[in-house]
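Please read the points below with the model open beside them.

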Number of protein chains: 4
Amino acid sequence: MSKKICVVVNSRANYGRIKSFMRAVQEHPELELQLIVGASALLFRFGNVIDNIRLDGFEPTAIVYSIVEGENLTTMAKSTGLGIIELASLFEQMQPDFVLTVADRFETLATAVAASYMNIPVVHTQGGEVSGSIDESVRHAITKLSHIHFPATEKARDILLRMGEDPNSVYVTGCPAMDILAESDLTLSPDLFEKNLGVGEVIDPGVPYVVVLQHPVTTEFGEGADQINHTLVAVNQLKMQAVWLWPNVDAGSDSISKQLRTFHEHNPSAPISFHRNFSVEDYARLINNAACVIGNSSSGIRECAFLGIPAVNIGSRQALRETGPNVLHAPYDSDEIYQTVQKQLQSERFKRSNLFGNGTAGKQMADVLAATSDVSLQKRLWYSDV
Amino acid sequence: MSKKICVVVNSRANYGRIKSFMRAVQEHPELELQLIVGASALLFRFGNVIDNIRLDGFEPTAIVYSIVEGENLTTMAKSTGLGIIELASLFEQMQPDFVLTVADRFETLATAVAASYMNIPVVHTQGGEVSGSIDESVRHAITKLSHIHFPATEKARDILLRMGEDPNSVYVTGCPAMDILAESDLTLSPDLFEKNLGVGEVIDPGVPYVVVLQHPVTTEFGEGADQINHTLVAVNQLKMQAVWLWPNVDAGSDSISKQLRTFHEHNPSAPISFHRNFSVEDYARLINNAACVIGNSSSGIRECAFLGIPAVNIGSRQALRETGPNVLHAPYDSDEIYQTVQKQLQSERFKRSNLFGNGTAGKQMADVLAATSDVSLQKRLWYSDV
Amino acid sequence: MSKKICVVVNSRANYGRIKSFMRAVQEHPELELQLIVGASALLFRFGNVIDNIRLDGFEPTAIVYSIVEGENLTTMAKSTGLGIIELASLFEQMQPDFVLTVADRFETLATAVAASYMNIPVVHTQGGEVSGSIDESVRHAITKLSHIHFPATEKARDILLRMGEDPNSVYVTGCPAMDILAESDLTLSPDLFEKNLGVGEVIDPGVPYVVVLQHPVTTEFGEGADQINHTLVAVNQLKMQAVWLWPNVDAGSDSISKQLRTFHEHNPSAPISFHRNFSVEDYARLINNAACVIGNSSSGIRECAFLGIPAVNIGSRQALRETGPNVLHAPYDSDEIYQTVQKQLQSERFKRSNLFGNGTAGKQMADVLAATSDVSLQKRLWYSDV
Amino acid sequence: MSKKICVVVNSRANYGRIKSFMRAVQEHPELELQLIVGASALLFRFGNVIDNIRLDGFEPTAIVYSIVEGENLTTMAKSTGLGIIELASLFEQMQPDFVLTVADRFETLATAVAASYMNIPVVHTQGGEVSGSIDESVRHAITKLSHIHFPATEKARDILLRMGEDPNSVYVTGCPAMDILAESDLTLSPDLFEKNLGVGEVIDPGVPYVVVLQHPVTTEFGEGADQINHTLVAVNQLKMQAVWLWPNVDAGSDSISKQLRTFHEHNPSAPISFHRNFSVEDYARLINNAACVIGNSSSGIRECAFLGIPAVNIGSRQALRETGPNVLHAPYDSDEIYQTVQKQLQSERFKRSNLFGNGTAGKQMADVLAATSDVSLQKRLWYSDV
């Protein structure tokens, strides 16, 4: 009988970073995919990621609405709680053999908590990385609840071991997000922006453009409006086309969105297009052909390393993260952001780096799970003297 | 203005292990106590711990019902989720400066998750200890969400540092449970058992007795009935008086309780008395005068070390825990349990050990919090090379 | 394509009153049964009703833990809320054509609220009856949310119409509980009480016995202990065998249970046996052969009317209810209860009454739903001048 | 000791319809106001109604985030459940003597359910009215849970009695929304639209304008985009200034909002301004000076009757409602909407009507509650023969 692998996809970022694994599970003769789609992946404001999932041929086993509206610190906590309640009921129905949870978001933690208490082995990707924001604490807490780890880098593996994880439970596979980059045709189709209309000016794919993603930093809640305004001023000053993605659902998102809407209302003819979402492959094409990726999304650091695309990382959200040579950092200061982007725009495309994976992660992960039959539910610290 | 210290008490075990700190906060001129009482501490089946709390002069700021009934793995997860939802609303109202969470239970995790996402510094006791069961994973996950650590032992401190916690955030204070033992008159009042009537025979305080506490092991869910029956057979065979506490609220509790009730129904005249709860001080007196403490409660290991009381630890729940010389281990086997208890009954009282504290933990902790004014919400791994 | 009829069973009382309908749906070529089992029907303390359901050959489509423990007014409200959250997710997955909800409990209301908001036609049994307690208000509120009504009596139908329900949506089918009484062999098997062991003395089926069920009255919360003690004194004074069922999960249940346990602990040899649950058919046999049914369960009034069994109804919970000649009322007073039971014990068995149905309700209801294809989701008051 | 009156405000519509009562409670020597603000009244997307509440000098006793994001039928049900859970905890803390709930929304139902089960007398406004949508069923269900009724009209009182409510519990006070209209200076300040900037063109107060509010009809879920487009076409064809309020939080709201945003994106210079919210008094000024109020908000029917402002009611949401002479109806058809608005624009201002109150409702209601001391928690149908 095949093993049931339950993947919980909760956001657009989640999906791109696990899609190739989902495919590998589907194609593996000994594995069966159970798919739960929840949280912001269900919401129109975040681009109806579930539509992309279905278009890709994955039919969710269940969907679960778990976002308590408010986009502040309190509702982020409450959404975590609601997610646990709902996921527990679903795991009870679905009886998976493994539950896989991606990275470091509150929904990721909800998944790990529910599965842990229910004696279902927890599989975790992106463990051992360091970043900033509350994600940093949450990622490591999830590690302590997880039974199998698929870190993306050797350095991440090292940190997992130092935190006391059993080396036999840690597999450096790279990140499945790189698989998409490796496998897809990343040339820019002339109609990319006509297919993916945003709010604002339509982008001309024949003219250089930058991509901007700046999410709230929950540990700096209340400063988001000020932070995004620095970026808005800098990007506006570039006088270049910009493809701007709305922020994710974290606490503080609404004040960032409000600034973006206000900017657009007052600058309707700025050459900026605001987008909710792209398909996983179109997003890969988008950044692969960008002149620079700006903001604080980890994709500037992770995916752009693989592609060799210049990135400017702003502020603290990714401040601690391991980076390739393609990344320059800037503080929340419009001048410095502007100068740093200008520097990157002068630069050549960087050499592609396999720092975060070589494009085979999904398949490797599926093979490990197929071969794993005796997970001990009882975790223990792996320090030799404990 | 005084700092608001919010303590969340969720079970009888929680309360005994934090009461002296609550007192120290109340008495500290620069601190204000906010008290939330929730989960099983509100339930009759677990002895209405809230009544003891009120009798001790603490008036809860709020109470919160958060146990989803069922006592299985699914409801344990769901109770965690409901706890997070409720605590987030309360923290929003109460705006504490610190939230303190005790040990490693699901309510403890709920507290840490809610406070973390709400940017309230999390203070954790009992971090860095090793045990067994899901508590083991959960304790370390809470560590990764916590900003200030009050481990009970040097060894626990060492583990916290190895897991990447900042040494400046770690204070070895001992466990506040020892404060109660150090400060109270622990002689056995002749009317202890008349004041605290259980179900079954009334215990004669003039005659030796053992104390039994055996909780479910959630990572071995489904085996609780068999496990407790071994203990019942062994204790019955002792032909001694026994004071037996009903198990806690963890998954599997009901099947243990069922065996205890069935045993009592069929052996109404066995010299065993079944109890829901004792006041913190009466519990200290109870174990201080016991011939042996049997089962898998950590109090056999922690409090009994301080008192020098012989203890027999059964099974895996505390298997990994640091112990003093007063502890012998036995597997789930009635013969071995019986033999091990007999061996302990021959033994002298052990030398008192300060392994888990010297009786001043509560006051030390209050002083640290009063002196702490600049907690960084942004945690980071403290490895020198990260 | 067959219509999907979702039945939500939440308690032992629910199940007996809908089982024959569930069977009729299963057997109907145009209907498909979706079964959700939740709330106290899943709990050991209430007799694991789900085991009876499975033994009867019904496999739940989903189960849902929704009882917030505490058995007080606050947790009753919270359990309603948790039930709505969970049921909404299940209805989303199951996409039923109709949702059937039984009677007047908080879980019944949760079912009606979730289905109403989700535009799923709500089918309600036992509407239009009058009783007492909060059930009285809740039953009528559910009526206002329901699209199809299956009242048990003509008088109940009349009340539904007077409250403004469309006569075309009201079908007097009788109560499915009567179907069980009509179809089953109700002779007392000699081993009934050996198969169904309770706590306390084993009942001798060859000797007369009374049956007692007394639930909390939530609108009189806080008076339950006093109320039950009157009944305990009266029943003890009878010096007859008594089969006593533990109370349901409503607010105040724990203080009733506590009195029962205390009584049993102090009167271990009283000829009373305390039971969590019987199968639907064994319960029918139990009351069919009882000398008298005592307490405040509606089965004393409804099922006992059909069977002609004398009943003594105590207090306000059913005070307003339509009754047959088999019922006498008594206040919360041990003497009056005792005297009233004595009077009933002198009486002959009463003539069987079809007041609450003739034993064909389940089949009638299934036929109505199979024939109904155009329910208007938009309800409107049916007063001729509105 | 004064009586604690807890008012739960959940939306902008709620607030305008209860504000004068809140003031009357505050000013009453025997009453104390407890204020809970929750649901969409806390959300930026709906205009941060809580800011208006605070500006008006009311400080919330507690706030409660209870909207599960998604704006569909499932999340509307789930938001109801979450609201019940949260409100139960708050009522437990606040121990009100009465809970007042406004009208017919899902949060209104949540309030009534929580208070009912907790034995807190429920006070209900707007009972007995007829409208359409799920609100129609929900309003009557709330009536069946309520202990004191403050209907706005004699006809509504008549319906309450016919549904079985006790005449002694019913007080026709009119609706408190009229109090605002009666007491405020409703002249149009020249800077109204500069103070209340919307998205789109700034409205010139010196030139005639229409006001549009069109909410989703949950019982017609899925048709909202089509419905709103008819209105957009009609209003655009008017070539008049239009002040358009975004829809409320009900299921289907997002598809209406999406059409509005798309229209604005493609018609940036249409003389339309889109608004989240106005203060209660500014909203009164807004409609008092409108040439016509268009859509399906009950304010077109209720407030506009008092003011004599022409209104065009579209579709089924208010189809059954009692109206004054100021209202004409139109189906979801752009031509008919256009023609009906044109007809109203030709019309004189209508005679002011006291159909929904004479402007003293809030004070009357406060006086009734102050004088009420013996509410029976046990409701019973008031039909003379039951």
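This is a predicted model: local features need pLDDT of at least 70, side-chain atom pairs count only at pLDDT 80 or more; totals for chains, interfaces and linings use all residues.

1. Residues are numbered from 1 along each chain as its sequence is written, chains are lettered from A and ligands numbered from 1 in the order in which they are written, and side-chain values use heavy atoms, with hydrogens and water left out.

2. Chain A is superposed on chain B by a rotation of 180 degrees with 0.0 Å of shift along the axis, at an RMSD of 0.0 Å. The two copies are thus related as by a two-fold rotation axis. The superposition is by least squares on the C-alpha atoms of residues with pLDDT of at least 70 in both copies.

3. Chain A and chain B each bring 48 residues to the contact, where contact means heavy atoms within 4.5 Å. The copies meet through the same surface, because 100% of the interface residues of chain A are also interface residues in chain B.

4. About 4300 Å² is buried between chain A and chain B, with 67% of it on carbon and sulfur atoms. Buried area is the accessible area (1.4 Å probe) that two parts lose on being put together, summed over both. In chain A, the residues that lose the most area to chain B are Tyr117(A), Arg162(A) and Gln378(A), together 17% of what that side buries.

5. There are 2 salt bridges between chain A and chain B, each a side-chain nitrogen of Lys or Arg within 4 Å of a carboxyl oxygen of Asp or Glu. Asp385(A) forms a salt bridge with Arg162(B), and their closest N and O atoms are 3.0 Å apart.

6. Helices here are DSSP runs of H or I of at least four residues, and strands are runs of E of at least two, numbered from the N terminus. On the side of chain A that touches chain B, helices H4 (73-94), H5 (106-117), H6 (133-145) and H7 (154-162) of chain A each supply at least two residues. H4(A) gives the most, with 13 residues.

7. In chain B, 7 strands form an open sheet of mixed pairing, in the order E7-E10-E9-E8-E11-E12-E13. Two strands pair if DSSP finds at least two bridges between them. The edge strands of chain B, E7 (199-200) and E13 (327-330), each pair on one side only. E7(B) pairs with strand E10 (residues 272-275) of chain B in the antiparallel sense over 2 bridges, and Val199(B) stands opposite Phe274(B) in E10(B).
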